[in-house]
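Thank you all for coming.

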Amino acid sequence: MRIVTWILIVVSSIIAYLLISNIEPKNRQIIIKEKPILDIEMERLNAITYLNELREATGLLKFSYSDILNKSAENHAKYLIFNNISSHYESEGEAGYTGDSIVDRAKYSGYRASYVSENLSKGNRNYKESVDGLFSAIYHRFGFLNFKVDTIGVGISQNMQNREKTAFVYNMGITAIDKLCNQKSFTGQGIYLQGVCSDKTFKIKEKQYKEAIAINQRLNSKTAIYPYDGQIDVPPAFFEETPDPLPNYDVSGFPISISFDEEQFKALKLQSFKLFDAKNREITNTLLYDHNSDINHMFKKYEFALFPLDRLDWDSEYRVEVKYLLNREKKEKHWHFHTRSFNEKLYTVTADNYKFKVKRGVSTVFYLKPTSPHDLLGDILFPISVDIGLIDKNTIRFTAFEESPDSVELNMNEHHLLIEIEE
């Protein structure tokens with residue numbers, strides 16, 4: 001009698017499986033699919049390149065590379081791994097401490113300006129997964145698409161005893177302001193500003209400050225949209241963020257955003273923000289956030305986001321339409337984007353459509369469409385003779401090996417999947 005062993009996997013953990021051979025069960029080898037060791041320098045360079053591709057596509061300046069901000073970000077990434085936490089703050093006395101806040105840590109590393117911001121993510125396999133995840137999180141997206149920042153440092157750290165524990169930290173600043181803070185403090189007569197530099201007593205002449213801020217204004221687009229016009233490979237879902245803009249949803253659609261540089265728009269009023277599918281049907285189950293409706297009060301005056309409350313579809317075209325008044329004059333913006341596609345065959349699994357046939361040795365993607373705002377894949381039981389990889393919290397990649405049975409049945413929370421395996 002053939003013995004079939006099952007193993008339990010939590011979807012957020014490393015997937016493990018048993019390799020079947022012709023030897024006795026007691027000698028079967030357990031193989032753990034570990035995350036690879038990150039090439040830190042390559043990941044850092046790739047992260048900056050990717051971020052610059054996204055910023056440039058939205059009409060914003062590319063980030064310049066800052067060694068000082070890089071050191072600040074690296075210090076905090078190590079702190080997060082040392083202490084196994086996720087936070088923008090540090091506590092004195094803990095391993096790797098370099099400052100309570102991002103301003104303190106940047107100052108510790110030699111950055112003189114007090115205008116410095118931070119994005120971070122934990123548990124990502126690579127730079128792209130980190131950046132894509134932060135762009136799906138609306139507050140963090142606006143951090144990357146800030147009209148003022150133009151320089152960045154990236155810190156990456158990995159726990160070598162548990163490689164799934166990674167930290168990606170992004171510190172951003174304004175080059176021209178930091179240069180002013182590296183000059184001599186203003187001592188003459190006239191209007192000056194304090195608090196612009198990490199040294200709170202440091203004085204900057206108001207005219208110099210305004211000129212420094214205006215540099216990026218002249219070079220940047222006045223608006224930033226995301227996904228940008230013509231973008232492909234857009235993730236179709238949003239899951240979580242801290243703070244959480246949608247606390248009543250564990251899964252929803254990828255948010256669409258538009259922001260206007262408030263330094264250049266003095267009288268702007270949004271009239272409508274709409275999303276349409278490939279058949280030009282408006283997606284109406286949405287939630288619009290702005291400076292007034294954002295429940296966490298983090299949106300700036302001219303930042304707007306449309307949340308589709310249902311996941312978008314894989315490999316699908318969408319159109320966005322925004323109408324607004326600018327100085328009482330009607331304006332419109334229209335753009336398109338396309339969600340992520342796969343090289344493999346994609347099947348959508350529902351309660352009425354759960355039986356599928358696949359080829360042995362050929363990977364297949366199964367999207368288990370959520371039935372509620374809280375419907376995520378939980379524990380997955382699968383036989384040792386197949387491989388399952390997690391694409392997102394509603395989607396898996398399935399591969400049957402030579403020794404796989406003719407059919408496999410999977411039960412994942414509310415979802416049932418029956419797969420027949422053909423030669």
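Where in the chain is the place of Arg125? Arg125 sits in the loop between β5 and α4, the latter covering residues 127-136, where helices (H or I, at least four residues) and strands (E, at least two) are DSSP runs numbered from the N terminus. Before I go on, please keep in mind that this is a predicted model, in which local features need pLDDT of at least 70 and side-chain atom pairs count only at pLDDT 80 or more, while totals for chains, interfaces and linings use all residues. Residues are numbered from 1 along each chain as its sequence is written, and side-chain values use heavy atoms, with hydrogens and water left out.

Arg125 has a relative accessible area of 42% and is therefore partly exposed, given that buried means under 20% relative accessible area, exposed over 50%, and partly exposed in between, with a 1.4 Å probe and protein chains only. Not counting residues up to four places away in sequence, Arg125 touches Lys35, Leu38 and Leu390, contact being heavy atoms within 4.5 Å.

Ser157, in strand β6 (residues 151-158), counts as buried because its relative accessibility is 10%, and, leaving aside neighbours within four places in sequence, Ser157 is in contact with Ala77, Lys78, Ile81, Lys165, Thr166 and Ala167. Leu306, in strand β17 (residues 303-308), is buried as well, with 2% relative accessibility, and the residues that Leu306 touches, not counting those up to four places away in sequence, include Phe254, Phe273 and Leu288.

Phe273 comes back when we look at the largest nonpolar core, which has 46 residues and in which Tyr170 and Phe273 touch the most other members. A second, separate core of 19 residues includes Phe356, Phe366, Phe382 and Val386; by a nonpolar core I mean a set of buried Ala, Val, Leu, Ile, Met, Phe, Trp, Tyr and Cys residues joined through side-chain atoms within 4.5 Å. In soluble globular proteins, nonpolar side chains tend to be buried together.

Which residues of helix α3 (residues 102-109) are buried? They are Ile102, Arg105, Ala106 and Ser109. These residues lie on the same side of α3, because they cover an arc of only 100 degrees around the axis, the arc being that of the directions from the helix axis to the C-beta atoms. The buried residues of α3 pack against α2 (67-83), β5 (116-122) and β7 (166-173), and just after α3, Gly110 takes a positive phi of about 110 degrees.

Finally, some remarks on the backbone. Most residues other than glycine have a negative phi, and most peptide bonds are trans. Here, a cis peptide bond with omega of about -5 degrees joins Tyr226 and Pro227, and Pro227 is in the loop between β10 (223-226) and β11 (231-234). Another cis peptide bond, with omega of about -5 degrees, joins Thr242 and Pro243. Asp315, which is not a glycine, has a positive phi of about 50 degrees, and this residue is found in the loop between β17 and β18 (317-326). Arg328, in the loop between β18 and β19 (329-339), also has a positive phi, near 70 degrees, and with a relative accessible area of 82% Arg328 is exposed.
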